Amino acid sequence: MEPGRGAGPGLWRCGRRLLWAASLLCVLLDLQLPGLLASGQAEIENHLEMGRKLLAAGQLAEALSHYHSAVEGDPKNYLTYYKRATIYLAMGKFRSALPDLSKAIELKPDFLAARLQRGNVLLKQGNTEQAKQDFEAVLQSDPGHKEAQTQLARLTELEVSMQEARAAYQRTDYAGAIGILERAVEISPWNPAAKELRAECHLLLGDYGQAILDLKPTTKLRADNRAAFLKLSQLYYGLGEHPEALAQVRECLKLDQDDKACFAHYKQVKKLSKQLESAEEHVRAQRYEEAIDKYKAAMKTEPQVEVYVVKAKARICHCLSKSKRPQEAVEVCTEAHQRDPGNVFVLRDRAEAYVLNGDFQRAVEDYQAAKELDGENEEVKEGLERAQKLLKQSRKRDYYKILGIRRNANKQEIIKAYRKLAQQWHPDNFQSPDEKKEAERKFIDIAAAKEVLTDPDMRQKFDSGEDPLDPENQQGAGGHPQHWPFEFNPFGSGNFHFKFHFN
């Protein structure tokens with residue numbers, strides 16, 4: 001019986017056809033395989049050539065893409081791995097370079113260039129044990145290899161430096177440890193242990209800025225460095241840089257959203273940030289009362305970190321000055337100035353509060369102090385000039401003092417004060433010539449104050465330090481001559497007849 005005949009004639013014929021097709025396929029592959037291999041090799045060579053050209057042109061990312069394709073096309077070519085590793089290193093991606101260097105060494109154990117390069121990378125990472133193995137392997141094959149000898153000596157120096165730095169740290173000689181670690185970091189710039197130790201020393205010496213500079217790179221030098229992200233967030237928070245503190249603690253939570261320490265710190269920073277941002281929005285919208293409430297809430301949220309208390313006090317000082325509450329503003333601004341004597345804006349805001357209080361001498365003093373701190377600040381320059389004009393003006397005639405009102409009094413308050421004083425100092429109320437003369441003088445001043453302060457343009461000029469009724473200011477300025485809101489000639493003789501205009 002023929003093979004497969006027991007299964008039926010149809011199945012037997014199908015088997016015969018499959019065998020025939022397989023034989024034909026083998027014949028075709030034998031004919032085409034050399035061409036396919038040649039085509040694939042040509043494509044790999046093309047990728048390598050393009051990679052070399054792009055690398056020479058400094059286009060690293062594009063060159064890397066071609067080397068990726070070359071590695072995929074020929075995964076047994078040790079040189080391709082090595083070349084791709086060199087591009088990774090040029091791009092600063094030493095972690096990606098290490099597997100390629102190791103693969104090149106695996107494919108060709110006597111490839112000394114790859115061993116030396118891997119040893120260099122491991123030394124920069126601070127991995128002295130493995131780096132030593134690579135340098136010794138190079139020297140075993142080539143005892144006179146200068147670079148391997150030099151790097152092995154640097155490796156020994158690094159180990160000694162780290163030991164000495166740790167000993168200095170244990171003795172609480174933090175400055176000494178920092179000095180020793182300078183050389184360790186120079187030899188091993190990608191060594192997280194050296195940077196973390198130096199950051200801790202800076203922190204213990206109170207130099208938060210340098211601690212941050214050392215700690216920040218370690219978040220990339222270690223695969224999962226949540227501790228560094230949390231420490232960075234805490235440092236930024238302590239410096240008052242809450243937006244950056246929030247950004248760093250979020251990076252910690254990206255690595256592990258259930259990290260309890262990071263989440264607890266995140267909630268605190270988030271709450272404070274929201275309060276401060278909301279307060280600033282109120283300030284921009286000139287809703288000063290709401291802003292003050294938010295700043296007070298922020299101080300309750302974080303009473304322990306001085307920088308936030310200082311910031312809140314300074315901004316409350318600003319809000320009180322802007323909302324024309326001079327007495328409260330002077331009190332809060334003075335406290336803010338004591339906490340932060342170098343804050344130009346606190347001095348500016350207190351100066352404005354003094355202006356509202358009519359204390360122009362102190363306003364001038366604050367503006368002068370602010371100018372000493374920031375001589376290029378145009379707002380301070382203009383404020384000083386205005387305060388000096390107001391001080392000079394006050395020594396002549398101050399219409400607010402004449403009416404006995406605040407500098408932020410509204411029109412109704414001005415008219416009310418004018419009516420009261422006009423009735424009190426009406427010349428007909430006095431009998432003796434001397435009393436009448438004094439009453440006339442005061443009455444003229446009262447009327448002039450009402451005229452200036454109820455006219456928006458004239459009042460603005462006066463508030464800027466210029467008396468619109470001062471003859472000195474009218475000369476050559478095209479101003480109108482002084483006139484009074486009633487028919488009265490104070491220098492004439494005879495009976496006086498007054499016609500008041502109280503509107």
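A residue is called buried here when its relative accessible area is under 20%, exposed when that area is over 50%, and partly exposed in between (1.4 Å probe, protein chains only). The structure is a predicted model, in which local features need pLDDT of at least 70 and side-chain atom pairs count only at pLDDT 80 or more, while totals for chains, interfaces and linings use all residues. Residues are numbered from 1 along each chain as its sequence is written, and side-chain values use heavy atoms, with hydrogens and water left out.

The description may begin with the repeats annotated along the chain. UniProt positions are given in the numbering used here, feature names are shortened, and annotations may be inferred rather than shown by experiment. Helices (H or I, at least four residues) and strands (E, at least two) are taken as DSSP runs and numbered from the N terminus. On that basis, the span 112–145 is 82% helix and 0% strand, and its end C-alpha atoms lie 10 Å apart. For residues 344–377 the content is 82% helix and 0% strand, with end C-alpha atoms 9 Å apart.

A further record concerns residues 370–397, where UniProt places the feature "coiled-coil region", again from an unreviewed entry. This span is 75% helix and 0% strand, and 27 Å separates its end C-alpha atoms.

Charge pairing provides the next view of the model. Side chains of opposite charge can pair when their charged atoms come close. A salt bridge is counted when a side-chain nitrogen of Lys or Arg lies within 4 Å of a carboxyl oxygen of Asp or Glu. By this rule the model holds 32 salt bridges. One of them joins Arg 118 to Asp 134, with an N to O distance of 2.8 Å. Arg 118 belongs to helix α5 (residues 112–125) and Asp 134 to helix α6 (residues 128–141), so the pair ties together parts that are 16 residues apart in sequence. Both Arg 118 and Asp 134 are buried.

Other salt bridges lie within a single helix. Lys 381 and Glu 378 meet at 3.5 Å, N to O. These two residues are three positions apart in helix α20 (residues 378–394), and therefore Lys 381 and Glu 378 are separated by about one helical turn. Lys 381 is partly exposed at 29% relative accessibility, and Glu 378 is partly exposed at 46%.

In helix α24 (residues 456–463), Asp 463 and Arg 459 are four residues apart and so separated by about one helical turn. They form a salt bridge in which the closest N and O atoms are 4.0 Å apart. Asp 463 counts as partly exposed, because its relative accessibility is 26%, whereas Arg 459 is buried at 16%. Elsewhere, salt bridges with shared partners join Asp 224, Arg 226, Asp 256 and Asp 259 into one network.

Which residues gather in a patch of positive charge on the surface? The patch consists of Arg 250, Lys 270, Lys 274 and Lys 294. Patches are made of residues with over 30% relative accessible area and no salt bridge, like charges being joined within 9 Å and nonpolar side chains (Val, Leu, Ile, Met, Phe, Trp, Tyr) within 5 Å. Accessible areas come from the Shrake-Rupley method with a 1.4 Å probe, and for residues only the protein chains shown count as cover. Lys and Arg count as positive and Asp and Glu as negative, with His and the chain ends not counted. The place of a charge is taken as NZ of Lys, CZ of Arg, CG of Asp or CD of Glu.

The C-alpha atoms of Gln 275 and Tyr 295 are separated by 7.2 Å, the two residues being 20 residues apart along the chain.

The loops complete the account. Most residues other than glycine have a negative phi. Gln 286, however, has a positive phi near 60°; it lies in the loop between α14 and α15 (288–301) and is exposed at 58% relative accessible area. Lys 324 also has a positive phi, of about 60°, and is placed in the loop between α16 (306–322) and α17 (326–339). Lys 324 is partly exposed at 44% relative accessibility.
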